[in-house]
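Hi everyone, thanks for coming. Please have a look at the structure on the screen, and I'll walk you through it in a few minutes.

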Amino acid sequence: MIQTFITHKGTNDLILFFAGWGMDTQPFAELKHIGCDCCICYDYTHLDFDTTPLLDYKNIEVYAWSFGVWAASFVLQKSNLPIRRAVAINGTTYGIDREKGISPEIFQATLNILDEANLNKFYRRMCHGSDMLNLFLEQRPTRDFTTLYNELAAIGHAIATNAHPHFHWDEAIIGIHDRIFPKENQTNAWQGDTAIQEIDAGHYLHFRPIILRNRLDKQVIRKCFEKAAATYEEEGRIQSRIACRLNELIPDMPEKERKEILEIGCGTGKLTRLLFHRFPQARFTVNDLSAEMKNHLSELHLGNWEFWAGDAEKIDFEREYDLIVSASTIQWFTDLNGFLKRISGKLSNDGNIAFSTFVAGNLPEIKSLSVSEMPYWESPELKRMFEKYFEVDRFEEEEYQLRFDTPIDLLRHLKKTGVTGVSSQPRHRGFNFIKRYRETFGEKKEVTLTYRPVYIIAHKKSQI
C-alpha cells in the first residue's frame with residue numbers, strides 16, 4: 001500500500017483517505033485544501049500499512065471509497081489510532097460479494113478483459129454524467145497499466161483468502177446512481193449500527209463536501225456569529241473595508257425596470273446598507289444563516305427587502321436576479337462548486353455576480369500555530385471554479401494587516417468577529433494559543449494578523 005501526504009503541515013488533525021482500485025493521488029486533488037493534513041492511501045497490491053507517520057495526530061477522520069472501504073477495514077481493524085470518525089463511501093467491507101459488494105462474476109470478467117478500451121469504459125460507468133466524467137478525466141491516475149491489473153488481481157486474492165474484516169464505520173454514504181457497487185448491495189451490507197445516507201451521485205463524486213460537512217458545523221458557525229453580532233460592527237474593521245471595496249467594484253446597473261438583488265450571508269448589514277444606498281429602487285432578497293440577523297437589518301430602516309434565513313447552500317432561491325452578491329461568506333461553504341452551479345441558473349442574462357472571500361494564506365499567524373485551519377482555496381483553483389459557470393471580469397487579491405498590542409488582544413478580536421473556530425474553543429485553548437504565540441514570535445511590542453481577501457466580479461456565460 002502506498003501512503004502519500006498531499007498536505008503535511010503538522011496540524012493536530014488528519015484526514016486519512018483510502019482510495020479505490022487503480023487510483024493515485026491525482027483524482028483527490030481537491031482534498032489538499034481541507035483545513036488539516038491529508039494522507040491518501042492507494043495501490044492495494046500489498047496490504048502493508050505503516051502507522052508510524054500517523055502516531056502524533058490527536059484526531060484522525062477516516063474516509064474510504066470503493067475498494068478502499070474493504071482495504072481500510074482490513075488494515076485498521078486492529079490499529080490503536082485515535083480515529084474520531086469513519087465514513088465509507090460507495091463501497092462495503094465485503095468488497096466482492098453477490099449481495100453485499102461487487103458480484104464475483106462481474107469482478108472476474110473485469111479482470112479477464114482488462115485493457116485500455118475496457119478501462120475507459122469502466123471510467124464512464126464510474127461517473128454519473130458528463131460533468132463528473134470530464135472532471136475525472138482531467139485528473140485521472142497516471143499509473144502503469146500493468147500495475148492496475150496486478151492490483152486488481154491482488155485484491156481478489158486477498159478478499160478470497162482472508163476473513164471478513166471487522167471495523168466500525170460510523171456512516172455509509174451511498175450514491176443512488178452507483179454502477180460499480182450496486183445501491184442495493186451497499187444497503188444490504190450496512191444493515192446494523194452504521195448510519196446510511198443516500199445521495200444523488202454515481203460511484204465517483206465530489207469528496208470535499210462530504211469531508212467538510214463534518215469539519216464545518218454550520219450550527220456552530222451560526223452560534224459563533226450570533227455571539228459576535230453585537231461587537232461585529234465595531235470590531236470587524238477588515239470586513240467593513242472588504243464590503244466597501246466590493247461595493248466599489250460592482251458595476252452600475254442601467255436605469256430601467258426594478259432590479260432584483262440577492263445577497264448571500266448579509267450578517268449585520270455591512271454590505272447591505274451600501275447596496276441600498278446605491279440601488280434604492282431595487283427589490284432585495286437578503287439571506288443569512290442566522291435568523292437573528294434580520295433584527296440587525298430592521299434597525300437600519302432599509303427600503304424594499306425580504307429576509308430568507310438558512311443555509312444558502314440548501315435554499316432554492318425562487319427568482320431570477322440581476323445582481324447576486326456576497327461578502328466574506330462563501331469560505332464557510334462545504335460545496336462551493338455545487339452552489340456556484342446552482343446560483344448561475346438564478347442570474348439574469350445581463351446580470352452580474354460580485355463575491356468576496358478569503359484565499360489560502362489568510363490568517364497565516366494562526367495557521368503557523370497549528371490551530372485548526374480554515375479550508376481556504378488556492379487563488380488559481382478558486383478562479384477556475386468561477387470560470388466554469390461565469391465569465392470572470394475581475395479577480396483581484398489584496399492583503400490587509402491588523403496590529404494588536406498583545407496576543408490577548410488578537411484573540412479578543414477573533415472572538416468579537418467570529419471569523420475563526422479559535423473563539424469557540426474552551427478557555428484553556430485560548431491560554432494555549434497565547435503561550436504558543438509568544439513561543440513562536442517572542443515577546444513583541446505588537447502582534448499582527450494578516451487577511452488575504454479576493455474579489456470576483458463576473459457575468460453570465462453566453463448560451464451557445
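Residues are numbered from 1 along each chain as its sequence is written, and side-chain values use heavy atoms, with hydrogens and water left out.

So what is pLDDT? It is the predictor's confidence in each residue, from 0 to 100. The mean for this protein is 89, and 90% of its residues reach 70 or more. Please be careful with residues 421-430, where pLDDT stays under 50. Where pLDDT is low, the predicted coordinates should not be read in detail. For that stretch the model has nine contacts beyond four places in sequence, a contact being heavy atoms within 4.5 Å.

Now the overall picture. The protein has 16 helices and 16 strands; helices (H or I, at least four residues) and strands (E, at least two) are DSSP runs, numbered from the N terminus. Of the 464 residues, 54% are buried. Buried means under 20% relative accessible area, exposed means over 50%, and partly exposed is in between, using a 1.4 Å probe and protein chains only. Among contacts with a separation of 6 or more, 77% are between residues 24 or more positions apart.

Let's zoom in on strand β2, residues 13-18. Why is β2 described as largely enclosed by the rest of the structure? Because six of its six residues are buried.

Which strands does β2 pair with? Two strands pair if DSSP finds at least two bridges between them. β2 runs parallel to β4 (residues 59-65), with six bridges, and F18 has A64 as its bridge partner there. β2 is also parallel to β3 (residues 37-42), through five bridges, and L16 stands opposite C39. As background, strands of a sheet pair through backbone hydrogen bonds, either parallel or antiparallel.

Next, find the open sheet of seven strands, in the order β10-β9-β8-β11-β12-β16-β13, with mixed pairing. Its edge strands are β10 (305-309) and β13 (390-397), each pairing on one side only. From one strand to the next, the twist averages 15 degrees. Inside this order, β11 (residues 321-327) and β12 (residues 347-358) run parallel, joined by six bridges, and Y321 has L347 as its bridge partner. Helix α14 (residues 379-389) packs on the sheet, touching β12, β13 and β16 (453-460). The direction of α14 makes about 155 degrees with that of β13; here axes are lines fitted to C-alpha atoms, for helices over the stretch in contact, and angles run from 0 to 180 degrees between N-to-C directions.

Finally, some single residues. The structure holds zero disulfides, a disulfide being a pair of cysteine sulfur atoms within 2.5 Å. C127 is buried at 8% relative accessible area, whereas C244 is partly exposed at 37%. P182 sits in the loop between β6 (171-175) and α6 (183-189) and is partly exposed at 30%.

Definitions and conventions
Predicted model: local features only at pLDDT ≥ 70, side-chain atom pairs only at ≥ 80, totals over all residues.
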